[in-house]
Amino acid sequence: MAPRVRFAPSPSGYLHIGGARTALFNWLWARRQGGTFVLRIEDTDQERSSVESVRAILDALRWLGLDWDEGPEAGGSHGPYFQSERRARYREVADAMVEAGTAYRCYATKEELEQARAELKARDPKAQFVYPGWWRDRRDWPDGKPWVYRFKTPRTGATDFDDLVFGRVSTPNDAQQDFVLMRSDGFPLYNFSCVIDDHDMGITLVARGRDHIGNTPQQVLLYEALGWPAPQLAHLPMMLSAKGEKLSKRHAAVSVSEYRDRGYTAMGVLNYLARFGWSHGDQEIFARDELVAAFDWASVNRADGKFDEKKFADVAFEHLKQPRLTSDAEYVERVRPFLAARGLDADEPTLCAALPLIRERARTLADAAHHLDFYFREPPELDPAAAKVLTPQSAELLEGLAAALTAVEPWEGAAIDEAIRAWVEARGVSLKDVAQPARVSLSGRTASPALHDVMAVLGRARALARLRHGATLAREAAAARAPG
RNA sequence: GGCCCCAUCGUCUAGCGGUUAGGACAUCGGCCUCUCACGCCGGUAACGCGGGUUCGAUUCCCGCUGGGGUCGCCA
């Protein structure tokens, strides 16, 4: 049977890089198996949820290309996909559980709980408060007072489940307290709504971060109490910071949108995330369809990992470098916003001609825009460090070179290169002596692609004009330096 | 602290009883070279410790140590 999987973020911020990995693994499995990827918004915490967050998460998922078959804006036959719109259903199940004796109304107030907590703390600072079940067996419900629903957790025995990644996990039931199912304001708590929705939405496999493995026994207990079959379970090892702590803003960029804004491509991000906790032999680099074809739960690792920015950058770079992974058309489309941000209006022919020179240099799209900059500025912006290269002696060389290249045919890299070398030899100078002044004239920088490649991209007219302009600058520099 | 989980180079990982313990990133040399980059060649670098099981353990079992997660009217 084709699996139904889901990603269920709570809209209390941006899409976290770890959340993106969870979404990716679910998505991969759905696509691999021809199953259904459901997106559900867990907005039962009114305090923390916001529509802006929903928007941000949806946008980030769309940018990553993790399209959902059912969920917000997609619809589907198992909606609504916002938990805040499913409250009647939760209440219905909770009442049924009270009737069945698997849950109970608890009228203990927050204040009473706080007091009990405080008293325990006073007696034994190290002790952990456990709700003692004051209302576990009472039916003398006071009129007009708010209550919460609590689960009547079995006091003995153990709860087991088989995890696709971790194997069999067993937890003693006495480690569990009578946890709250629904708050007094009528909103459900995570474990409760999660179980009901996964059941009602026909979810067959739940894959989520390992930080959820601890409340899985509670959810399994709920499935048992409700007489529902539990879905398959798969927990993913955690993505930790380089220091081994829980990943947060302090350690690295943690929001998917931040990576987008920095100029990484979606597949660069996805490829790194996919290889984090999952492997496929020695293969490091994957196109999207290769990922879909190769993904499996058996190859998911159990050990937590540390996020490595260097490795991430390299994987992302590989995607920009290889036309197989990022086509020319896609590259051009993606880099345009970054060029625009520099105030550049790049014409298509020049951009396409420069692209091969950029691929092996640009580590991000933002970086690509930097490398592309001088092709689209007339004259190119002159780096302070580069200006020093335009010495008085170089003026004549630059003019000589420009003159030597006026008749080169065809105006192509190889021919230009040949002409440069021929001229250098005839002139009895070293290429090294000419190269840097020429480079600075052409690009305004001390580092650039090969001279002949740059000139080929610029075209004869602009290339020669820049060389001559460089000569002018060199003379001006000489004049400026001359005393009086 | 209770409960749960984990453990191969600095990092991500391959390995599923017998390997010179492999790859990638990073790092260090070198080559290429008009600069930068790419590329290429090479080096340093790992099975946490102690018991078992076995002819033989990185691999299977137990303990220890270390690390992580989780113990809310958050998710």
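A residue is called buried here when its relative accessible area is under 20%, exposed when that area is over 50%, and partly exposed in between (1.4 Å probe, protein chains only). The structure is a predicted model, in which local features need pLDDT of at least 70 and side-chain atom pairs count only at pLDDT 80 or more, while totals for chains, interfaces and linings use all residues. Residues are numbered from 1 along each chain as its sequence is written, chains are lettered from A and ligands numbered from 1 in the order in which they are written, and side-chain values use heavy atoms, with hydrogens and water left out.

In one, Glu70 pairs with Arg4, with 2.9 Å between the closest N and O atoms. Because Glu70 sits in the loop between α2 (51-64) and α3 (87-100) and Arg4 in strand β1 (residues 4-7), the pair ties together parts that are 66 residues apart in sequence. Helices (H or I, at least four residues) and strands (E, at least two) are DSSP runs, numbered from the N terminus. Glu70 is buried, at a relative accessible area of 9%, and Arg4 also counts as buried, at 14%.

Strand β1 takes part in another such link. Arg6 and Asp198 form a salt bridge at 2.9 Å, N to O. Since Arg6 belongs to strand β1 and Asp198 to helix α5 (residues 190-200), this pair joins parts that are 192 residues apart in sequence. Both Arg6 and Asp198 are buried. These two residues also belong to a network of salt bridges whose other members are Arg40, Glu42, Arg86, Arg89, Glu92, Asp197 and Asp200. Elsewhere, Arg136 and Asp178 form a salt bridge, their closest N and O atoms 3.0 Å apart. Arg136 is in the loop between α4 and β4 and Asp178 in the loop between β6 and β7 (180-182), so that distant parts of the chain, 42 residues apart, are linked. Relative accessibility is 13% for Arg136 and 2% for Asp178, and each counts as buried.

Next comes the nonpolar interior. A nonpolar core is a set of buried Ala, Val, Leu, Ile, Met, Phe, Trp, Tyr and Cys residues joined through side-chain atoms within 4.5 Å. The largest has 60 residues, and Leu15, Leu24, Leu61, Leu64, Tyr259 and Trp297 have the most contacts inside it. Helix α1 (residues 17-33) contributes the largest share, nine residues. A second, separate core of 52 residues includes Tyr331, Leu355, Leu398 and Ile416.

Taking a residue as near when one of its heavy atoms lies within 4 Å, 65 residues surround RNA strand B, the closest being Thr44, Arg183, Glu360, Arg439 and Ser448. Sugar and phosphate make up 68% of the RNA strand B atoms within 4 Å of the protein. A side-chain N or O atom of Arg183 is 2.2 Å from a phosphate oxygen of RNA strand B. The bases are reached too: a polar side-chain atom of Ser184 lies 2.9 Å from a base oxygen, and a side-chain N or O atom of Asn215 is 2.8 Å from a base nitrogen.

Terms used: A polar contact is a pair of N or O atoms within 3.5 Å; within protein, one must be able to donate a hydrogen and the other to accept it, and residues adjacent in sequence count only if both atoms are side-chain atoms. A salt bridge is a side-chain nitrogen of Lys or Arg within 4 Å of a carboxyl oxygen of Asp or Glu.
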